[in-house]
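Reader: I am new to this structure. Please show me how to read its features.

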Amino acid sequence: MYRNYPLRIILASASPRRKELLEQLGFQFSIEVKSVDETPVPDHNPVEAAIDIATEKMNAFCLDYFPDNTLIITADTVVAVGQELLGKPNSHYDAKLMLQTLSGREHQVITAVCLKSNSKSVTFHETTTVTFSEISDDEIDYYIQQYQPFDKAGSYGIQEWIGIGFISSISGSYTNVVGLPTEKLRKALIDFIN
């Protein structure tokens, strides 16, 4: 739908889920990724942590060059239980501990998004509250073995088996949990040219 958008859009993310969501919004874009350290700054709250990492991704991208008539999108999603951040697991053991922590309780998923052109920048975030029902250790092990959720904050994908079978409630944006708050992002992209 937005094929005549006046700026070339670059999605600075390797996430296939973010790529799919932006495609579904109707924007044309390319993907370029720069490697950054995604370790949260100690003592920052979950919102600050997500914004920090999304900003670092933007800074890394802009160090090399910033072409004219280009809009860059970076994003970072964090999962938090209270003030405790659950990042991407390093092993089956890490993933199991995270999912045991999420079992039977609510948590927050925060995605921060940075938009930048050579004349303007915008940063925003979205928070969604998700509640899991109880998940047994056998079910957790099955999910990890079958779905290998090692590229996902909090060790789960809401669109996968564990999300479909065990999420009892969600308050806020569903797509935010997938990886991009698409309703806010669509408005922000349209506003960006006005």
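Author: Start with burial: a residue is buried under 20% relative accessible area, exposed over 50%, and partly exposed in between, using a 1.4 Å probe and protein chains only. Here, 48% of the 194 residues in the protein are buried. The model is predicted, so local features need pLDDT of at least 70 and side-chain atom pairs pLDDT 80 or more, while totals for chains, interfaces and linings use all residues. Residues are numbered from 1 along each chain as its sequence is written, and side-chain values use heavy atoms, without hydrogens and water.

Reader: Is Glu 20 buried, exposed or partly exposed, and why?

Author: Glu 20 counts as partly exposed because its relative accessibility is 43%. Glu 20 sits in helix H1, residues 16–25.

Reader: How many helices and strands does the protein have?

Author: Helices (H or I, at least four residues) and strands (E, at least two) are DSSP runs, numbered from the N terminus. The protein has 7 helices and 7 strands. Their order from the N terminus is β-α-β-α-β-β-α-β-β-α-α-β-α-α.

Reader: What does the radius of gyration say about the protein?

Author: The radius is taken over C-alpha atoms, and the globule rule is 2.2 Å times the number of residues to the power 0.38. For 194 residues, a compact globule would have a value near 16 Å; the protein has 17 Å, which agrees. Its C-alpha atoms fill a box of roughly 50 × 35 × 25 Å along the principal axes.

Reader: Which share of contacts joins residues at least 24 apart?

Author: A contact means heavy atoms within 4.5 Å. Among contacts between residues at least 6 apart in sequence, 69% join residues at least 24 apart.
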